[in-house]
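Here is a briefing on one protein model. Please look over the sequence and the structure first.

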Amino acid sequence: MTEEVAAGGKEFAVAMLWAAMLYILCGLIMEVCRQVLPGYYFIGAIISVLIFCVFGFFVLTRYASRFTYTLSGGRLRINRMVGKRNKEIEFACGDIINMYYGYRPASFVKRPYNMRKSLFSKSKLLYIEYRNKDGKTEGVVIQPSDKLRKKIERERTGKND
């Protein structure tokens with residue numbers, strides 16, 4: 001089973017709303033720096049550029065990405081495509097330690113792979129802990145459909161119909 005997830009109009013509207021709010025915030029920061037540090041007003045501009053660089057990173061890695069989730073032969077392949085660049089993770093469903101749907105537990109790995117389109121909503125996210133080839137515990141956060149999530153769970157438990 002293959003499923004492709006990409007951002008749509010809702011995500012575009014959210015990104016534009018955030019950009020407008022950041023634009024206003026950066027203008028305020030620049031004005032405060034101009035008044036507080038008259039000789040060093042360019043510091044506000046540097047801070048503004050850094051804020052928009054971080055914002056651009058999140059928009060590029062989430063909203064401008066296309067995610068493909070493929071489940072076949074008991075293996076889950078997760079692919080994030082930004083332009084022509086790919087980031088791919090593949091592991092056996094038997095290597096999955098835990099799966100959490102809709103919430104992130106406190107015991108979840110600290111730096112998981114984020115292979116999802118949403119930035120803030122955690123309601124439809126699937127948190128997967130698995131063992132990699134070296135035996136280390138890793139994590140990945142994906143945003144699959146209910147049908148794919150149930151198939152992953154069936155493959156993990158070995159209850160294939």
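**Briefing**

Valine 109 lies in the loop between β5 and β6. Helices (H or I, at least four residues) and strands (E, at least two) are DSSP runs, numbered from the N terminus. The model is predicted: local features need pLDDT of at least 70, side-chain atom pairs count only at pLDDT 80 or more, and totals for chains, interfaces and linings use all residues. Residues are numbered from 1 along each chain as its sequence is written, and side-chain values use heavy atoms, with hydrogens and water left out.

**Around valine 109**
- Valine 109 touches Arg104, Glu129, Thr137, Glu138 and Gly139, not counting residues up to four places away in sequence; contact means heavy atoms within 4.5 Å.
- Serine 48 is 61 residues from valine 109 in sequence, and their C-alpha atoms are 32 Å apart in space.

**Confidence**
- The average pLDDT of the protein is 84, and 96% of the residues score at least 70; pLDDT is the predictor's confidence in each residue, from 0 to 100.
- Among the elements, strand β1 (residues 2–6) has the lowest mean pLDDT, 80, and β7 the highest, 92.

**The mixed sheet**
- Four strands form an open sheet in the order β5-β7-β8-β6, with mixed pairing; two strands pair if DSSP finds at least two bridges between them.
- From one strand to the next, the twist averages 20 degrees; axes are lines fitted to C-alpha atoms, for helices over the stretch in contact, and angles run from 0 to 180 degrees between N-to-C directions.
- Three bridges pair β6 with strand β8 (residues 137–142) in the parallel sense.
- Methionine 115 stands opposite isoleucine 142 in β8.
- Helix α3 (residues 146–157) packs on this sheet and touches β5, β7 (126–131) and β8. The direction of α3 makes about 150 degrees with that of β5.

**The antiparallel sheet**
- A four-strand open sheet has the order β1-β2-β3-β4, with antiparallel pairing.
- β1 and β4 stand at the edges with a single partner strand each, so one side of each has no neighbour in the sheet.
- Here the twist averages 15 degrees from one strand to the next.
- β2 and β3 run antiparallel and are joined by seven bridges.
- Threonine 70 stands opposite arginine 77 in β3.
- α3 lies across β1, β2 and β3, at about 40 degrees to β2.

**Helices**
- α1 (residues 9–36) has 28 residues, which should span 40 Å at 1.5 Å a residue; its end C-alpha atoms are 40 Å apart, which agrees. The expected span is 1.5 Å times one less than the number of residues.
- Buried residues of α1 are Glu11, Ala15, Ala19, Leu22, Cys26 and Cys33; buried means under 20% relative accessible area, with a 1.4 Å probe and protein chains only.
- α3 has twelve residues and reaches 17 Å from first C-alpha to last, close to the 16 Å expected.
- Glycine 158 follows α3, with a positive phi near 85 degrees.

**Cores**
- The largest nonpolar core has 19 residues, and those with the most contacts inside it are Leu76, Ile78, Phe91, Ile128, Val140, Ile142 and Ile152. A nonpolar core is a set of buried Ala, Val, Leu, Ile, Met, Phe, Trp, Tyr and Cys residues joined through side-chain atoms within 4.5 Å.
- Another core, of six residues, lies apart from it; among them are Phe108, Val109, Leu125 and Val141.

Note on methods: Buried < 20%, exposed > 50% of the residue type's maximum accessible area, 1.4 Å probe, protein only.
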